[in-house]
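This report describes how one protein chain is folded and packed. The sequence and the model are shown first, and the discussion follows.

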Amino acid sequence: MSTGLIITLIVAAVAVLVLALYFGTGRRGPRSLRRRFGPEYERTVAQHGGDTKAAEKELQERLQRHGELRMQPLTPQEREQYAAQWAAVQERFVDAPAEAVAEADRLLGRLAEARGFPGDGYDEQVAALSVHHPRRIQGYREMHAVAVLAREGQADTERLREALVHARALYEDLMAQQPADAPATGRNGHGDGRDDHHGGPGGPAGDHHDGHRDGHADGEPRHHGRLSEKLHAFRMTTHRHDTSRGRA
């Protein structure tokens, strides 16, 4: 076999390999993004009017900017403080729901910053959170939007209550020692959102039964475990609150 023929065969083999890698990556890319971002993928596609290429480009850019971010630990004192502040927000809701939701919105921003997410702007912070908490971030968005509406008197008590309830999932993840929704740092090393300890991505916040959901995780106060009970009581409490106003 001549040297020229050998070189030609090598070049052809390399070309085939490059093409296989290119098209293989292209086929896996969208599935990987969809798996990693879950509902955030569908939301971004909808925002782009169904243009999946534009949506995937945006999600890839978020990954490039924030994919390497690692959550910073909270000290026991910080964990205690944030848990106490969240409990105070819930108690304030009974008498001042709009003010309570506005404070919860600010509290989540401070907590996210303490965990290492950008703190110099809401949009960039949400973009970073969407990379690491894609199945929890929508609750934060909803609460932020409702807090803005409440300042203009355009949000009723029930809508405020629902916003606070939905935002709780992100609060709990940010307070957790090991977040349930952290695709970039899953402990099984898949890097696609699957976490053996939490039984996979996408489950609602209340479906996990690890320590931090019960308020018994290391360094967490026990009253954190009563958050769900307090929020569950909001519906009846706020209903009585509205009824008493109607009689006034």
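In which helix is R62 found? R62 belongs to helix α3, which covers residues 52–66. The model under discussion is a predicted one, and every value below is computed from it.

**Overall architecture**

The secondary structure of the protein chain consists of eleven helices and zero strands. Read from the N terminus, the order of elements is therefore α-α-α-α-α-α-α-α-α-α-α, with helices defined as DSSP runs. The protein chain has 248 residues, of which 44% count as buried. Its exposed surface comes to about 13,300 Å², and carbon and sulfur atoms supply 54% of that area. Among contacts between residues at least 6 apart in sequence, 66% join residues at least 24 apart.

In soluble globular proteins, nonpolar side chains tend to be buried together. In this model, the largest nonpolar core has 34 residues, and those with the most contacts inside it are L108, L129, M143, L164 and L174. At least two residues of this core come from each of α4 (76–93), α5 (97–114), α6 (122–132), α7 (137–151) and α8 (157–175). The largest share, eight residues, is supplied by α8. A second, separate core contains eight residues, including F37, V45, A55 and L59.

L174 illustrates the surroundings of a residue in the largest core. Leaving aside residues up to four places away in sequence, L174 touches M71, L74, L108, L111, A112, R115, F117, L129 and H133. Two of these partners, L108 and L129, are themselves among the residues with the most contacts inside that core.

**Packing of α7 against α8**

Two packed helices are described by the angle between their axes and the distance between the axes. For α7 and α8, the angle is about 150° and the axes lie 7 Å apart. The crossing of α7 past α8 is left-handed. On the α7 side, the residues in contact are I137, G139, Y140, E142, M143, V146, L149 and A150, and they meet R159, L160, A163, L164, H166, A167 and L170 of α8. By class, this contact comprises eleven nonpolar, two polar and two charged residues.

**Buried polar and charged side chains**

The table lists their locations and relative accessible areas.

| Residue | Location | Relative accessible area |
|---|---|---|
| R62 | helix α3 | 5% |
| Q90 | helix α4 | 2% |
| H133 | loop between α6 and α7 | 0% |

Why does R62 count as buried? R62 counts as buried because its relative accessible area is 5%, and the cut-off for this class is under 20%. Not counting residues up to four places away in sequence, R62 touches E40, T44, G67, A127, S130, V131 and R141.

Q90 is likewise buried, at 2%.

Methods:
Residues numbered from 1 in each chain as written. Predicted model: local features only at pLDDT ≥ 70, side-chain atom pairs only at ≥ 80, totals over all residues. Heavy atoms only, no water. Helix = DSSP H or I, 4+ residues; strand = E, 2+ residues; numbered from the N terminus. Buried < 20%, exposed > 50% of the residue type's maximum accessible area, 1.4 Å probe, protein only. Contact = heavy atoms within 4.5 Å. Core = buried A, V, L, I, M, F, W, Y, C linked by side-chain atoms within 4.5 Å. Areas by Shrake-Rupley, 256 points an atom, 1.4 Å probe, with all protein chains shown as cover. Axes fitted to C-alpha atoms, helices over the stretch in contact; angles between N-to-C directions. Left-handed = near helix turned anticlockwise from the far one by under 90°. Nonpolar A, V, L, I, M, F, W, Y, C, P; charged D, E, K, R; others polar.
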